[in-house]
Amino acid sequence: MTGFRPKYVTFDCYGTLIDFEMAPAARRVYGARLTSEVMDGFCESFRGFRLDEVLGAWKPFDEVVHNAVERSCKAWNIAFDPADAQAIYDEIPSWSPHPDVPAGLAKVAKEIPLVILSNSMTDLIPHSVAKLGAPFHAAYTAQEAQAYKPRLQAFEYMFDMLGCGPEEVMHCSSSLRYDLMSAHDLKIGQRVFVNRDHEPGIPAYGYQEIRSIGELPGLLGL
């Protein structure tokens with residue numbers, strides 16, 4: 001238990017709450033064409049290029065995916081077809097929550113308002129929020145903020161919309177690179193690393209670590 005009672009508990013969505021299937025989607029599109037070694041390398045490149053694509057000026061997320069796929073194809077000498085990138089992007093609304101999510105969120109939501117800050121689009125995020133099994137006070141997107149995480153502008157937009165300071169928030173994410181490093185720099189009141197085994201932890205960034213959203217109520221003393 002942290003002893004910290006936030007005004008809002010905020011969350012990354014894809015990866016933390018929704019099972020982030022970008023690499024599996026890429027495997028479904030390309031797997032039959034590539035060796036397993038090349039497929040693994042492609043997925044790693046795709047992951048890195050997606051991050052690089054969100055660090056500059058905002059652009060629609062389908063362009064982020066398109067550009068990251070195109071750059072990954074170039075890196076691995078694979079013929080690029082825009083339809084392949086679109087097929088990956090089109091899977092996003094079908095992704096489901098991690099099994100531990102609905103019950104844990106529902107318990108916290110009875111006591112503290114829940115908020116999402118997502119690298120998503122306004123037409124995509126409702127499909128995901130509807131599956132989470134708990135009421136959300138708000139779900140803010142990079143499209144609204146005109147900036148993707150890890151850019152601080154995305155978080156600043158959320159604080160402005162909520163009318164609170166970073167010290168009043170607990171932010172939960174499975175990603176240090178996209179969320180928790182920025183949350184540390186902004187001095188968000190409490191940071192929670194939801195370890196989904198897709199990024200290594202770096203304890204120097206000062207967070208509480210849990211392995212499921214089911215542990216979150218206990219962290220809040222609920």
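Leaving aside residues up to four places away in sequence, His171 touches Thr10, Phe11, Asp12, Phe155, Asp179, Leu180, Ile188, Gln190, Arg191 and Val192. The model in which these contacts occur is a predicted one. His171 itself belongs to strand 4, which covers residues 169–173. Its relative accessible area is 0%, and because buried means under 20%, His171 counts as buried. One of its neighbours is also a polar partner: the side chains of His171 and Asp179 form a polar contact at 2.7 Å.

The surroundings of this residue can be set against the chain as a whole. The protein chain contains ten helices and six strands. Its radius of gyration is 17 Å, close to the 17 Å that the globule rule gives for 222 residues, so the chain is as compact as a globular protein of that length. The C-alpha trace spans about 55 × 35 × 35 Å along its principal axes. Of the 222 residues, 52% are buried. Among contacts with a separation of 6 or more, 62% are between residues 24 or more positions apart. The accessible surface amounts to about 9,600 Å², and carbon and sulfur atoms account for 51% of it. As for charge, the mean positions of the 20 positive and 29 negative charges lie 3 Å apart.

Two backbone features accompany the helix. In the loop between helix 7 and helix 8 is Pro150, which is joined to Lys149 by a cis peptide bond with omega of about 15°. Just after helix 8, Gly163 adopts a positive phi of about 70°.

The loop between helix 8 (152–162) and strand 4 holds Glu167. With a relative accessibility of 48%, Glu167 counts as partly exposed. Beyond residues up to four places away in sequence, Glu167 touches Phe4, Lys187 and Gly189. Glu167 and Gly189 are 22 residues apart along the chain, yet their C-alpha atoms are separated by 4.0 Å.

A polar atom of its side chain lies 2.8 Å from the backbone oxygen of Thr16. Not counting residues up to four places away in sequence, Arg196 touches Gly15, Thr16, His98, Asp100, Val101, Ser174, Arg211, Ser212 and Ile213.

Asp197 is found in the loop between strand 5 and strand 6. Asn77 sits in the loop between helix 3 (61–75) and helix 4 (82–89), and it is exposed, with a relative accessible area of 75%. Most residues other than glycine have a negative phi, and most peptide bonds are trans.

How values were computed: Residues numbered from 1 in each chain as written. Predicted model: local features only at pLDDT ≥ 70, side-chain atom pairs only at ≥ 80, totals over all residues. Heavy atoms only, no water. Helix = DSSP H or I, 4+ residues; strand = E, 2+ residues; numbered from the N terminus. Rg over C-alpha atoms; globule rule 2.2 N^0.38 Å. Buried < 20%, exposed > 50% of the residue type's maximum accessible area, 1.4 Å probe, protein only. Contact = heavy atoms within 4.5 Å. Areas by Shrake-Rupley, 256 points an atom, 1.4 Å probe, with all protein chains shown as cover. Lys, Arg positive; Asp, Glu negative; His and termini not counted. Charge placed at Lys NZ, Arg CZ, Asp CG, Glu CD. Polar contact = N/O pair within 3.5 Å; in protein donor to acceptor, adjacent residues only side chain to side chain.
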